[in-house]
Amino acid sequence: MGDAPKAPSFARTEVPEVASFPRKDGKLHCEGVSLAAIALAQQTPTYVYSGAEIDTAFGAIRSAMAAATDRDVLIAYAIKANANMAILARLAGHGCGADIVSGGELLRAKTAGIDPSRIVFSGVGKRAEEIRAAIESGIRAIHVESVPELDVVASEARALGTKARIALRVNPDVDAETHPYIATGLHGTKFGLELDVARSVLGRIVSSPDLQLEGVACHIGSQLGSTAPLTEAVAILGRFALECRAAGASLRSLDVGGGWPMHYGCEAAPYPPPLEFGRAIAAGLRQSGATEFDLITEPGRALVGPAGVLLTRVLYVKTQGTRRFVVVDAAMTELLRPALYEAYHAIAPVALPSATLGVQTSPCDVVGPVCESGDFLALERPLPQVQAGDLLAVYGAGAYGREMSMTYNARVPAAEVLVDGALMKVVRARPPVESLWAHEHW
Ligand code: LLP
């Protein structure tokens, strides 16, 4: 199994402040419901989401965009962050749209009640039948990311006897200054069209009976730590939008992508607040002179990430070599981000440790039961002396948690609970273990 993985170095190791996860009498709650009660009722591991936190995050981005740009802004939630139906339905109720990347996500979004006219379709590998379904559903725009894809969209529209609404997703070659796995705005990545290529198809699109150029789009990456790359990308996008109009397209919208950051607890300095992101977008629009378009933004994690914790129980504690291992019942199968990106997620005991056990923290590795050395939720993390049976809350698990989960080692998908005030609702039940082989034949 090789050497122990090296701990990523983080400047801070604090639990981010999330209003909806208060401590009452030393015990962590989600809004009005104690996490210990949820663990008792639903077992562990379980994802717990706060409805109020999602509402607050949506309101913050909506008001930031309205205040900064003074324009009609569509928030197209990148549903890949967390596509639980209850969350989608809740956001749909706020007038939220969706950024989707597959036919499955299209159906999910529509089923949850998201209006197709508020859906945009990103992704470099859309299949012809997914494109057809999107055209038939009347979504706002298919974000075309390559010339061969443009050909397929045109031929699907022709076959349906209609015009497909599209947007050109350009790759502005801007460095988002984020983790390389979540940076998407450089030419070295697979995403979007280089500007020259996008320009070269403009004439063809404008004269096509099968295509309607609805907009232009870009997404430079996630967890944008500063706003300058966003301004730069939006300025490039804005100038390109004006070129499209000059070429005869009746272009309506400009989609500036996602990337709105959230706090995981290791930040040396806080991320800029939503209003600064809104202002950065507005600055890019001003620089380019493209101030007339409808705006779309595609936040993912910022809407749902802080609203979720992964609730897990300590199975064993052991010391091996120089390391203290806290073995818990959640694993990389429920939260892949630490294993995949060495991502930091704050972890806190659900009940404050008793004075007898010791409140003093010391470093430990929080690991899961999966047979991989990379199966860790935290490395060299200062935690108090926890023991078997204790509950831990892993923060920032509302985004890219359940969505990236897997059933490796025949692990049963964790349950999901949504809390609203004093009410908790199981919004996805833990399936029976037999569901793992329900479609196998022998
Ligand atoms: N729009 C597009 C076209 C995207 O590809 C993405 C994310 C978003 C919006 C939303 O980005 P956000 O606002 O959530 O940063 N699994 C990784 C994240 C991959 C993101 C892929 N695209 C993680 O756990 O960090």
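The points take the ligand site and then a pair of helices.

1. This is a predicted model, in which local features need pLDDT of at least 70 and side-chain atom pairs count only at pLDDT 80 or more, while totals for chains, interfaces and linings use all residues. Residues are numbered from 1 along each chain as its sequence is written, and side-chain values use heavy atoms, with hydrogens and water left out.

2. The ligand is surrounded by 18 residues, a residue counting as near if one of its heavy atoms lies within 4 Å; the closest are Ser222, Glu298, Arg337, Tyr341 and Tyr400. By class, this shell holds six nonpolar, six polar and six charged residues, where Ala, Val, Leu, Ile, Met, Phe, Trp, Tyr, Cys and Pro count as nonpolar, Asp, Glu, Lys and Arg as charged, and the others, Gly among them, as polar.

3. An N or O atom in the side chain of Tyr400 lies 2.7 Å from an oxygen atom of the ligand, a polar backbone atom of Gly259 is 3.0 Å from a ligand oxygen, and a polar side-chain atom of Lys80 is 3.3 Å from one. Of the 580 Å² of accessible area that the ligand has on its own, the protein covers 92% (Shrake-Rupley method, 1.4 Å probe).

4. Helices α4 (residues 103-111) and α5 (residues 128-137) pack at about 25°, with axes 9 Å apart; they are therefore roughly parallel, a term for angles under 35 degrees. Gly103, Leu106 and Lys110 of α4 meet Glu130, Ala133, Ala134 and Ser137 of α5, contact meaning heavy atoms within 4.5 Å.

Key. Polar contact = N/O pair within 3.5 Å; in protein donor to acceptor, adjacent residues only side chain to side chain. Axes fitted to C-alpha atoms, helices over the stretch in contact; angles between N-to-C directions. Helix = DSSP H or I, 4+ residues; strand = E, 2+ residues; numbered from the N terminus. Parallel < 35°, antiparallel > 145°, perpendicular 65-115°, else oblique.
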